[in-house]
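Dear colleague,

I am passing on the structure we spoke of, and below it you will find my notes on what turned up when I went through it. Please read them with the model open beside you.

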Amino acid sequence: MPVFAANLTMMFNEWDFLDRFDAAADAGFSAVEYLFPYEAAPEAIAERLARNDLQQALFNLPPGDWGAGERGIAALPERFDDLKADVERALDYAAATGVKRLHLMAGIADPHDPEAADSFRRCVTYTAGRLAEKGIDLLLEPINGRNMPGYFLNDFAIAERLIAECGLPNLKLQFDIYHRQILHGDVTKALRRLLEITGHIQIASVPSRNEPDGEELNYPYLFSEIDRLGYDGFIGCEYVPRGQTLDGLGWFKPFARS
């Protein structure tokens, strides 16, 4: 049965960030993820995880200056030293939370620019190597241009090819079903083909990015298919609730821990 991780950046926004851990556990989740933990102390997050018997499924390495529009810096050639410092910062949080998967955001850059491509490969190789020393997987996530215009890694084929070319055992695909459907469609065939290199799955309805209970995709079928394929990782609930978070968890009731 799938193990779902509540995304505390998008869900449970009725609570302050640290209180979202409690709310997610009370709602029956056994794992959590979020975009960034860096405004809270690592020790405070660790305490909430332990208090609620929650697993930390995933978070992102620092993205650069988010408020200024940066969406990662790995494809920005002049930011390599910044990236190295960011990796160490993320590892401090990884040590506190026990997370085994970190996502590296590529940034806003032209995917056809050879300097951006070389920078991204260099940063991926460096980061994966550093994370491997700690037993942590590095994840790459293709993101659609509707939600993130100008994002460098905007194609599953690019991510798949880079993972194959690098040949690093801890370099994995972050398969966001919402982004896949918008970018390419053909979700089930892609899951069957790419599951071997997939380290994390995320979900949301398409096109609205709400609860996974309607619109274009048949999530009950997809959940059954993911089970059939033998996936044993987390499924991150990276969606925006239509209303109050708890009111939209009907889809989740069969999977909640008691």
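**Surroundings of Glu211**

Setting aside the residues within four places of it in sequence, Glu211 is in contact with Ser205, Tyr239, Val240, Pro241, Arg242, Gly248 and Trp251. Please keep in mind that this is a predicted model. Glu211 sits in the loop between β7 (198-203) and α8 (219-228), and it counts as buried because its relative accessibility is 2%, where the cut-off for buried is under 20%. The side chain of Glu211 also makes a polar contact of 3.2 Å with the side chain of Arg242.

**Nonpolar cores**

The largest nonpolar core holds 82 residues, and those with the most contacts inside it are Phe12, Phe29, Phe120, Ile177, Ile201 and Ile203. Helix α3 (residues 80-97) supplies the largest share of this core, with seven residues. Apart from this core lies another, of six residues, among them Ala57, Leu58, Leu139 and Phe234. To return to Phe120, its contacts, not counting residues up to four places away in sequence, are Ala74, Ala75, Ala106, Leu140, Phe152, Leu153 and Leu162.

**Salt bridges**

The count of salt bridges comes to 18, and Asp19, Asp22, Glu47, Arg48 and Arg51 are linked in a network of them.

Since Arg51 lies in helix α2 and Asp22 in helix α1, the pair ties together parts that are 29 residues apart in sequence. Arg51, at 47% relative accessibility, counts as partly exposed.

A further salt bridge joins the side chains of Asp53 and Arg257 at 3.9 Å, N to O. This pair links distant parts of the chain, with Asp53 in the loop between α2 and β3 (55-60) and Arg257 in the segment after β8 (234-237), 204 residues apart. Asp53 is exposed, its relative accessible area being 59%, whereas Arg257 counts as partly exposed at 30% relative accessibility.

With best wishes

Methods
Residues are numbered from 1 along each chain as its sequence is written. This is a predicted model: local features need pLDDT of at least 70, side-chain atom pairs count only at pLDDT 80 or more; totals for chains, interfaces and linings use all residues. Side-chain values use heavy atoms; hydrogens and water are left out. Helices (H or I, at least four residues) and strands (E, at least two) are DSSP runs, numbered from the N terminus. Buried means under 20% relative accessible area, exposed over 50%, partly exposed in between (1.4 Å probe, protein chains only). A polar contact is a pair of N or O atoms within 3.5 Å; within protein, one must be able to donate a hydrogen and the other to accept it, and residues adjacent in sequence count only if both atoms are side-chain atoms. Contact means heavy atoms within 4.5 Å. A nonpolar core is a set of buried Ala, Val, Leu, Ile, Met, Phe, Trp, Tyr and Cys residues joined through side-chain atoms within 4.5 Å. A salt bridge is a side-chain nitrogen of Lys or Arg within 4 Å of a carboxyl oxygen of Asp or Glu.
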